[in-house]
Amino acid sequence: MRLLKLRFKNINSLAGSWEIDFDNPQFKEGLFALTGATGAGKTSVLDAICLGFYGQTARQEISKTTNEVMTRGTGECFAEVDFEIKGKQYRSRWEQHRERLKPNGALQSASRKVASLPDGVFIAEKLNDATAKIIELTGMDFKQFTRAVLLAQGQFDAFLEANEKDRSAILEQVTGSEIYSKIGTAVFTRWQAEKAKKDDLEKGIEYIKPLPEEERGAVRKTFGELGGQRMALAKISADLQKQIQWLEGLEKLKENHKKQAEEKNKVDVEMVNAKPEFERLGKALSARSLDTVLQCLGAARKSKAEAGKERDKRKLASENIFIELEKAKPQVEKAEEKAGAAKKKLDDALPILNEARKMDGVINTAKSEMASAAESVDE
């Protein structure tokens, strides 16, 4: 256990707030001592440590009705210690105050708390729980603490007069040397186990008797012969292993050949089933060669139909004109004035007649192309 910090307020003759940092380098080199005149407060510092850990001192009474520790003329006091045990840090606090913190106020119940550091989480918050937790952490109750760690005045001989077992336990808790007791116990246990093994081996050796020289020679000869046989068997095993590998490879080839034959059969069946489709495809490809001729024939037929329509249209117009002319001839003989009009109509009809004659030529040409296309299709 290692004391890290001490904080206290209004303890005996030390009025006000005080703090001692034992982690300060001044406390880490060599020894240090509390010195001063009688009544300066040396013992008050030790009382504050006791109060911080156990909530009591070895020389003064503290209860709900009596507090001989609180500085006279004050209304509150506390003691708080930070300490470290086995690499873990803790904080233990004791405090008591008077009603409304007044010097003449009624004394209130003391309180105690123990927390883990650095998180400050409380692990005990009641008087009895805090005492039990400190005893658990330090391994010492208040009596052991004041006999080994913090000896009250005139009580050093009490520690010296304690029996060896009690002093050993107390010193182990104070110095942290309990690990050496554990190591010693583990070493002794291991020694006992190894000694038992050694004894068993020695007993076994007693039952082992060496063979005579002649028998050892026979064993060596047999061992040599068996070694030769082992080498011969190893060679045979290697040859057999090669043959096994060859046979395994042959089986794989046969399996592959079988799979390929099955695939071929499937392809042959698919070819037979697809034969009608192939025939239809051949006919379709042959028919595709006539596409150009058919396109030309279709175009010629379309041109012929359009020319026929145009011809019929113009022929109808011509017939109407001729009808008009026929109607106009009698009128020409009867009236001179109508002759000029009839002549004009005739002059107007001449372009249409010419156009009709041209259309007749177009029709004749279309007939010729259609005849040529028909001959090509027949071929």
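1. Let's start with Arg7 and Asp82, whose side chains meet in a salt bridge at 3.0 Å, N to O. A salt bridge here is a side-chain nitrogen of Lys or Arg within 4 Å of a carboxyl oxygen of Asp or Glu. The pair links distant parts of the chain, with Arg7 in strand β1 (residues 2-11) and Asp82 in strand β3, 75 residues apart. Arg7 counts as buried at 15% relative accessibility, and Asp82 is buried as well, at 4%. For these labels, buried means under 20% relative accessible area, exposed means over 50%, and partly exposed is in between (1.4 Å probe, protein chains only).

2. Before going on, please keep in mind that this is a predicted model, where local features need pLDDT of at least 70, side-chain atom pairs count only at pLDDT 80 or more, and totals for chains, interfaces and linings use all residues. Residues are numbered from 1 along each chain as its sequence is written, and side-chain values use heavy atoms, with hydrogens and water left out.

3. Now look at Glu80, which forms a salt bridge with Arg93, the closest N and O atoms being 3.1 Å apart. Glu80 lies in strand β3 and Arg93 in strand β4, so this pair ties together parts that are 13 residues apart in sequence. The side chain of Glu80 also meets that of Arg91 in a salt bridge (3.9 Å, N to O). Glu80 is buried, with a relative accessible area of 9%, while Arg91 is partly exposed at 28% and Arg93 is partly exposed at 24%. A network of salt bridges links Arg7, Glu80, Asp82, Arg91, Arg93 and Glu95, and the structure holds 16 salt bridges. Strands (E, at least two residues) and helices (H or I, at least four) are DSSP runs, numbered from the N terminus.

4. How many aromatic pairs does a search of the whole structure find? There are nine. The rings of Phe53 and Tyr54 have centres 6.3 Å apart and planes at 40°, so the pair is tilted. Rings of Phe, Tyr and Trp (its six-membered ring) pair if their centres lie within 6.5 Å; planes under 30 degrees apart count as stacked, over 60 as edge-to-face and the rest as tilted. Phe53 is buried at 2% relative accessible area, and Tyr54 is buried at 4%. Ring pairs join Phe53, Tyr54, Phe83, Tyr90, Phe142 and Phe145 into a cluster.

5. Ser44 is in helix α1 and is buried, with a relative accessible area of 4%. Leaving aside neighbours within four places in sequence, Ser44 is in contact (heavy atoms within 4.5 Å) with Ile11, Asn12, Ser13, Leu14 and Arg59. Ser63 lies in the loop between α1 (42-54) and β3 (76-85) and counts as partly exposed at 26%. Not counting residues up to four places away in sequence, Ser63 touches Gln96 and Leu107.

6. Finally, the whole chain: its secondary structure comes to ten helices and six strands. Of the 379 residues of the protein chain, 22% count as buried.
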